[in-house]
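Hi everyone, thanks for coming.

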Amino acid sequence: MNDYAINLKANEGAPDAWCPLPWSHVSIKANGTFRVCCHSAASESRGTLVDDTNTPLHIGSASFEQVINNGAMKNIRKQMLNGEWPEPCVRCQREFESGMISRNHYERSALADIIEKEKYPSYQKALEMTSSDGTLENNDFPISYMDIRFGNLCNLKCVMCSPTDSDQWYDDYAAIWKTSYFWDSKKKIDLVPNVNGKLKPTTKIFDWSDDVHLWNEIEKHMFQFRKIYLVGGEPLLIDAHYEFLQKCVDSGCASKLTIEYNTNLTNIPARAWNIWKHFEMVIIGASIDGFEDVNDLIRFPSKWHKIEENLNKFKDADGNFVVHIATTVQLLNAWQFPEFIEYVLTSNHMPKIVWESSPLMLSVHPVHRPAYLNLNILPTEFKDVLINRYKEYQNKFKTTDYQQIYGDSDGLKWNDKVVQACKLLDIYIKFMNKVNYSPEELLKARQDCIHFLDSLDNRRNTDWKSVCPELYQATIPWREFPNLDYA
């Protein structure tokens with residue numbers, strides 16, 4: 001039995017809520033603070049880890065050991081071992097209960113594949129070696145996985161994003177919400193004009209990548225790492241991320257490291273190709289939410305043809321690459337979602353696209369926040385229309401002879417791909433009614449939705465009504481709600 005099979009076997013009997021990450025992982029936000037994991041951002045607490053004075057833990061002072069044994073992390077481990085879903089894990093809970101492969105279940109398998117048997121943080125090992133108060137010893141549970149965002153530098157301002165993850169959002173955010181600040185990790189960040197009249201934070205909250213303490217912690221644990229998750233901002237534009245990769249190469253760690261990206265694929269610098277070939281594996285999570293006009297609206301100001309062009313560059317790239325499409329499902333792409341699935345389904349020309357039972361053909365995640373883009377705020381009548389549309393596409397997938405039209409399938413057999421495509425639609429049929437907003441919350445989300453989308457059009461010269469006419473028609477009654485004062 002290989003390490004992968006042994007590691008997975010050691011998870012037998014694990015509760016649905018159990019996740020290996022609290023036993024093996026640190027997550028660093030774009031502002032340098034620590035959180036439970038990136039998915040915990042969907043919770044009310046945002047997963048922010050704080051010290052005894054309620055101050056967020058920061059890379060400038062906190063050690064990785066302090067983060068792992070922070071009070072919140074210890075409580076999360078105790079809850080998970082008791083079969084309870086912790087508050088920061090609401091996103092995984094919702095997705096799991098909707099039939100998705102939630103991240104906590106995905107990571108059980110993903111980490112089992114890349115971490116040695118004796119270091120893998122299995123459920124059985126967690127039961128046996130976690131202290132009664134939730135404390136871990138680093139020798140028992142080495143930090144094998146680091147999720148790090150080296151700042152918020154980005155070239156896009158996607159509709160579901162915010163200033164916390166893209167520096168391109170400052171001016172739009174201030175104008176749309178009539179504000180001169182935003183909040184990040186319990187801290188108010190004031191915005192002021194620079195010499196060119198563009199807004200910027202008054203503090204260098206995102207400029208911490210040269211912090212000596214951070215690099216000391218990274219070098220201390222570098223030989224324990226087996227996976228690095230790199231996001232942004234847009235990671236391929238951030239110099240510090242290349243400095244980090246070069247340290248991995250120079251230290252000899254790269255050959256044992258899997259690096260995974262979420263990238264918008266609008267720009268792949270030459271130095272990325274030059275350094276990637278040194279790593280054991282490079283997983284490219286291409287952040288694509290639709291094609292053509294839907295892409296250009298959601299991931300503004302990207303252009304679909306450029307993303308498709310860059311996606312195809314992996315066909316002959318030097319290195320061990322796995323490519324998957326990472327899609328966020330929200331109001332603006334809900335109608336096109338089945339067509340986008342069909343696009344990926346039939347794109348045999350796409351190189352190295354993942355076709356496995358886990359993850360599915362698309363690494364698809366619903367937008368939980370902001371609520372004004374969440375599918376759950378849609379009118380019941382429009383949800384019914386969407387559900388019928390999804391079912392019609394399921395029937396189309398099942399009755400189409402893809403072998404006759406496209407020839408041999410790349411990867412899984414056509415029938416297996418069709419099963420996955422239908423499952424994705426089933427998942428979102430179920431998710432549409434997963435979140436129970438109060439009447440007040442629902443009204444506010446719908447008011448915010450109209451204000452937000454109309455305001456974006458005015459600032460960006462876009463037209464969401466023509467790109468998403470079905471959504472526009474369904475939301476016309478929302479325009480009769482009383483206007484909110486966003487000043």
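Where is glycine 233 found? Glycine 233 sits in the loop between β7 (227–231) and α9. A cis peptide bond joins glycine 232 to glycine 233, with omega at about 10°.

A word on the ground rules. This is a predicted model, in which local features need pLDDT of at least 70 and side-chain atom pairs count only at pLDDT 80 or more, while totals for chains, interfaces and linings use all residues. Residues are numbered from 1 along each chain as its sequence is written, and side-chain values use heavy atoms, with hydrogens and water left out. As for the element names, helices (H or I, at least four residues) and strands (E, at least two) are DSSP runs numbered from the N terminus.

Back to the backbone. The peptide bond from phenylalanine 300 to proline 301 is also cis, with omega near 0°, and proline 301 is in the loop between α11 (293–298) and α12 (304–311). Then there is arginine 46, which has a positive phi of about 60° although it is not a glycine. You can find arginine 46 in the loop between β2 (34–35) and α2 (64–68).

Now for the helix pairs. Axes here are lines fitted to C-alpha atoms, for helices over the stretch in contact, and angles run from 0 to 180 degrees between N-to-C directions. The axes of α8 (residues 212–221) and α9 come within 12 Å and cross at roughly 30°. α8 and α9 are therefore roughly parallel to each other; angles under 35 degrees count as roughly parallel, over 145 as roughly antiparallel, 65 to 115 as roughly perpendicular and the rest as oblique. On the α8 side, the contact (heavy atoms within 4.5 Å) is made by Trp215, Ile218 and Glu219, and on the α9 side by Ala240, Glu243, Phe244 and Lys247. By class, that contact of α8 with α9 has four nonpolar, no polar and three charged residues. For the classes, Ala, Val, Leu, Ile, Met, Phe, Trp, Tyr, Cys and Pro count as nonpolar, Asp, Glu, Lys and Arg as charged, and the others, Gly among them, as polar.

What about α7 and α17? The axes of α7 (residues 170–177) and α17 (residues 439–460) come within 10 Å and cross at roughly 130°, which makes α7 oblique to α17. From α7, Asp171, Asp172, Ala175, Ile176 and Trp177 meet Asp448, His451, Phe452, Ser455, Leu456, Arg459 and Arg460 of α17. Five nonpolar, two polar and five charged residues make up the contact of α7 with α17.

On a 1 Å grid over the protein atoms alone, a cavity is a set of points where a 1.4 Å probe fits but cannot get out, a pocket is an open set with protein on both sides within 12 Å along at least five of seven lines, and lining residues have an atom within 4 Å of a point. Grid points are joined across faces, edges and corners, and a volume is the space filled by probe spheres set on the points.

The second largest pocket holds about 360 Å³ of space. Both β6 (199–201) and α9 give two or more residues to the lining of this second largest pocket. Of its 19 lining residues, Asn152, Asp167, Tyr170, Phe206 and Asp207 lie nearest the centre.

There are three cavities of 30 Å³ or more, and the largest cavity has a volume of about 110 Å³. Its lining has 15 residues, with Cys19, Cys37, Met80, Cys89 and Cys92 nearest the centre.
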